[in-house]
Amino acid sequence: MGHKSICILGLGPTWIECPYDKTVWGINAVYQKAKRVDMLWNLHKWGLSDPIMHPDVLKKLNIPIMAVEPWEGLNTIIYPLDAILRRFKTTFFADSVSYMIAYAIYKEYKEIDLYGIDHIFGNEYTDIKPC
């Protein structure tokens, strides 16, 4: 078996450069732009007021969704938070990308490519910088 590799895909400007030559994990609404997403990540509580990430919309994607809680009718994989935090001897990570990278390392991926992770919304950088 060869080494495991993935691409983590966000909505920042470099998302367009993703070569789709390996498994693609997409963050939140990136599924609307990406050519392909093999697993979608939503590490927030399900918000029924968000039409882009509404569970009824996501059901149509027919892909696994990494989440913090299940939703009936969705192929949800519950993020193993306790195991990840123990593995890395921490109490939290700053953002979804950090949780994704930690999970990839936990699952022994050897190559992790990042595309579209170069985005900042509002005060995001200053809010998480101390982390």
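Author: **Salt bridges and their surroundings**

With a relative accessibility of 36%, Lys 59 counts as partly exposed (buried means under 20% relative accessible area, exposed over 50%, and partly exposed in between, with a 1.4 Å probe and protein chains only). The model is predicted, so local features need pLDDT of at least 70 and side-chain atom pairs count only at pLDDT 80 or more, while totals for chains, interfaces and linings use all residues. Residues are numbered from 1 along each chain as its sequence is written, and side-chain values use heavy atoms, with hydrogens and water left out.

Lys 59 forms a salt bridge with Asp 56, and their closest N and O atoms are 3.3 Å apart. The term is used here for a side-chain nitrogen of Lys or Arg within 4 Å of a carboxyl oxygen of Asp or Glu. Asp 56 is partly exposed as well, at 44% relative accessibility. In total, the structure holds 5 salt bridges. Side chains of opposite charge can pair when their charged atoms come close.

A network of salt bridges links Asp 21, Lys 22, Glu 111 and Asp 113. Within this group, Lys 22 is buried, its relative accessible area being 12%. Asp 21, which forms a salt bridge with Lys 22 at 3.3 Å between the closest N and O atoms, is exposed at 53% relative accessibility. Glu 111 also forms a salt bridge with Lys 22, and here the closest N and O atoms are 3.2 Å apart. This pair joins distant parts of the chain, 89 residues apart: Glu 111 belongs to strand 6 (residues 111–115), and Lys 22 to the loop between strand 1 (5–9) and strand 2 (23–27). Helices (H or I, at least four residues) and strands (E, at least two) are DSSP runs, numbered from the N terminus. Glu 111 is partly exposed, with 29% relative accessible area.

The elements that hold or flank these residues are also paired. Strand 1 and strand 6 run parallel and are joined by 5 bridges; two strands pair if DSSP finds at least two bridges between them. In this pairing, Cys 7 stands opposite Asp 113 of strand 6, and Asp 113 belongs to the salt-bridge network. Strand 1 also pairs with strand 2 in the parallel sense, over 4 bridges, and there Ile 8 stands opposite Trp 25. Because 4 of its 5 residues are buried, strand 1 is largely enclosed by the rest of the structure.

A search of the whole structure finds 0 disulfides, taken as pairs of cysteine sulfur atoms within 2.5 Å. Cys 7 is in none, and its nearest cysteine sulfur, that of Cys 18, lies 3.5 Å away. Cys 7 is buried at 2% relative accessible area, and Cys 18 is buried at 5%.

Of its 131 residues, 39% are buried. Among contacts (heavy atoms within 4.5 Å) between residues at least 6 apart in sequence, 43% join residues at least 24 apart.
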